[in-house]
Amino acid sequence: MSEKNDALTIDKSFTPVTYDEKYILMVNNLKKYFPIKSGMIARTVGYVKAVDGVTFNLKRGTTMGLVGESGCGKTTTGRTILRLAGDKTAGQVLFNGQEVYDFSAKEMRQKRTEMQIIFQDPFSSLQPRMPVGEIIGEAVREHHIVPNSEYEDYIERVMDECGLQSFQKDRYPHEFSGGQRQRICIARALALEPEFVVCDEPVSALDVSIQAQIINLLKELQEKRKLTYLFISHDLSVVEHISDTVGVMYLGNLVEYGPTDRIFDNPLHPYTQALFSAIPIPDPTAKMNRIVLEGSIPSPANPPKGCKFHTRCARCMECCKHEAPVQKEIEPGHFVVCHLFDNEKDINEK
């Protein structure tokens, strides 16, 4: 199938969403496929379906946690929303009611100040040959955030907000610890005064004690600056602590989404239940009811037909093997994508 024909096939089932001003971000059936090239002429022979129909809405001033196994498409989702992964394959990304992929290059450049990202590895994302003050202030100069006369004071103020000392602005990234480098990355993102920040596993490379400091810093800055976060993480305890809503991803799909307390207190999707059963309990006498998933994650280049999770699901039904489930709202704000909840009777019994 050609790339053009594949795109046309995807667009047939797409229904645009209407903007609701209470949401800063509305993602509707977002898809991002990467072509697989083969042969001497690099012919497209297939696609890696990294993001395959993700839908969610994010309220202003809140945090959405995005969790799932490695390779499920969490980071690609964040990068696609920010237009950092090339063009989307299909779907809709509304930021303050405007389609992100409709912006020209000049308009997108201006929007970069409103949408920022904190990368997973603080060391590789910092320019090793630039002092910290220049790293934080480079984009501030480029986008004329403050007048030149106020530049130095502004950089020092941002550094202070993020737990850095003003005298450290002349030092280089290799002179800092991992936690301090992550603070530099946070300061660089917040220096542009964004409204929305994608936090791509910002504490995964840090010690537990430093993780707590960075999480508390992010929460303080959110409250002070009225920020909105998309928080991508493997650590479910961190996600539970910082998030207002949680989305669970599996093989490019969002299989469950809802308020944090409802997701953690009453996980509905079999994959969510298995994922949450692995959370360690800080009590040596407590017995863990661990749900062990058989097999490995299928390839996103050749996902199973029907429900993508059916090859590892202990509650798999015949319809799961042939028909892809659709998103259903089980309780207010709590959505799940599973055939176990196909009718009202089943929902009431679960």
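Tutor: We begin with a definition: helices (H or I, at least four residues) and strands (E, at least two) are DSSP runs, numbered from the N terminus. This is a predicted model, in which local features need pLDDT of at least 70 and side-chain atom pairs count only at pLDDT 80 or more, while totals for chains, interfaces and linings use all residues. Residues are numbered from 1 along each chain as its sequence is written, and side-chain values use heavy atoms, with hydrogens and water left out.

Student: Are Ala42 and Arg83 buried or exposed, or something in between?

Tutor: Buried means under 20% relative accessible area, exposed over 50%, and partly exposed in between (1.4 Å probe, protein chains only). Ala42 has a relative accessibility of 39% and therefore counts as partly exposed. Arg83, at 22%, counts as partly exposed.

Student: What is the relative accessible area of Gln182, and what does its side chain reach?

Tutor: Gln182 is found in helix H6 (residues 178-190). Its relative accessible area is 0%, so Gln182 is buried. For the second part, a polar contact is a pair of N or O atoms within 3.5 Å; within protein, one must be able to donate a hydrogen and the other to accept it, and residues adjacent in sequence count only if both atoms are side-chain atoms. The side chain of Gln182 reaches the backbone oxygen of Pro202 at 2.6 Å. With neighbours within four places in sequence left aside, the contacts of Gln182 include Ile118, Phe119, Leu206 and Ile214.

Student: Which side chains make polar contacts with His234?

Tutor: His234 is located in the loop between E8 and H8 and is partly exposed, with a relative accessible area of 40%. Its side chain makes a polar contact with the side chain of Lys74 (3.5 Å) and another with the side chain of Glu201 (3.0 Å). Not counting residues up to four places away in sequence, His234 touches Gly68, Glu69 and Ser70, among others.

Student: How is the span of helix H7 checked?

Tutor: The expected span of a helix is 1.5 Å times one less than its number of residues. For the 18 residues of helix H7 (residues 208-225) this gives 26 Å, and the end C-alpha atoms are 26 Å apart, which agrees.

Student: Which residues of H7 are buried, and which exposed residues are on the face turned away from them?

Tutor: The buried residues are Gln211, Ile214, Ile215, Leu217, Leu218, Leu221 and Gln222. They cover an arc of only 160° around the axis, and therefore lie on the same side of H7. The arc is that of the directions from the helix axis to the C-beta atoms. The face turned away from the buried side carries the exposed residues Glu220, Glu223 and Lys224. The buried residues of H7 pack against several elements, including strand E3 (63-67), helix H5 (151-161) and H6. Just after H7, Lys226 takes a positive phi of about 60°.

Student: How are pockets and cavities told apart?

Tutor: On a 1 Å grid over the protein atoms alone, a cavity is a set of points where a 1.4 Å probe fits but cannot get out, and a pocket is an open set with protein on both sides within 12 Å along at least five of seven lines; lining residues have an atom within 4 Å of a point. Grid points are joined across faces, edges and corners, and a volume is the space filled by probe spheres set on the points. The largest pocket has a volume of about 650 Å³. Of its 28 lining residues, Asp52, Gly53, Asn253, Pro325 and Val337 are the closest to its centre. The largest share of the lining, five residues, comes from E2.

Student: What does the search for cavities find?

Tutor: Across the whole structure, one cavity of 30 Å³ or more is found. The largest cavity holds about 70 Å³ of space. Of the 13 residues that line the largest cavity, Pro270, Cys307, Cys313, Cys320 and Cys338 lie nearest its centre.

Key
Contact = heavy atoms within 4.5 Å.
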